[in-house]
Amino acid sequence: MTIRQSLVRRANRAASAAVLFLLVAANLIVLGPRNIGIRGIFVLLMLVVVAAIVGQLLRIPCPNCQRSLGWAGFRAAHRARPGDDDRCPNCQVGFDAQVPAVPGAGADASR
Ligand SMILES: [Zn+2]
């Protein structure tokens with residue numbers, strides 16, 4: 001499996017979790033008490049959870065050096081075609097390289 005495939009897999013799992021959560025939360029809002037304050041709290045909670053899921057995607061560690069990939073990982077997981085900048089911003093490993101068998105095995109010497 002390549003690093004890109006593992007990123008896409010992770011992003012898909014996060015998207016599934018977000019959709020499932022939003023469906024449940026939307027049901028709770030619709031079926032819950034007709035109180036604008038309580039509904040407002042539910043909506044706020046939904047936004048916080050979605051922000052947390054996006055934040056989690058931005059903190060995906062590089063399988064090669066274990067440091068956060070940030071937007072590079074997020075972009076690679078959501079782009080249909082490979083881009084020129086599809087590499088780890090820390091260790092420069094390309095996202096089409098194979099995921100190392102031992103996480104962090106390919107860490108660079110500068111660390
Ligand atoms: Zn790296």
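Let me begin with the contacts in the protein, where two residues count as in contact if their C-beta atoms, placed from the backbone, lie within 7 Å: among those between residues at least 6 apart in sequence, 59% join residues at least 24 apart. Please keep in mind that this is a predicted model, in which local features need pLDDT of at least 70 and side-chain atom pairs count only at pLDDT 80 or more, while totals for chains, interfaces and linings use all residues. Residues are numbered from 1 along each chain as its sequence is written.

The protein has three helices and zero strands, where helices (H or I, at least four residues) and strands (E, at least two) are DSSP runs numbered from the N terminus. The radius of gyration, taken over C-alpha atoms, is 18 Å, well over the 13 Å that the globule rule (2.2 Å times the number of residues to the power 0.38) gives for 111 residues, so the protein is more spread out than a compact globule. Its C-alpha trace spans about 60 × 30 × 25 Å along the principal axes.

How does burial look? A residue is buried if 20 or more other C-beta atoms lie within 10 Å of its own, exposed if 12 or fewer, and partly exposed in between; on that count, buried residues make up 16% of the 111 residues. Helix 2, residues 36-58, is hardly covered, with one buried residue among its 23 residues.

Turning to packing, axes here are lines fitted to C-alpha atoms, for helices over the stretch in contact, and angles run from 0 to 180 degrees between N-to-C directions. The axes of helix 1 (residues 3-31) and helix 2 come within 10 Å and cross at roughly 180°, and the two helices are therefore roughly antiparallel, the word used for angles over 145 degrees. Their contact includes Ala-18 and Phe-21 of helix 1 and Phe-42 and Val-49 of helix 2. Val-49 is partly exposed, with 15 other C-beta atoms within 10 Å, and its C-alpha atom is separated by 8.0 Å from that of Ala-18, 31 residues apart along the chain.

Helix 1 also packs with helix 3 (residues 71-78), at an angle of about 85° and with the axes 8 Å apart, which makes the pair roughly perpendicular (65 to 115 degrees). Among the residues making that contact are Arg-4 and Leu-7 of helix 1 and Gly-73 and His-78 of helix 3.

Key:
Angles under 35 degrees count as roughly parallel, over 145 as roughly antiparallel, 65 to 115 as roughly perpendicular and the rest as oblique.
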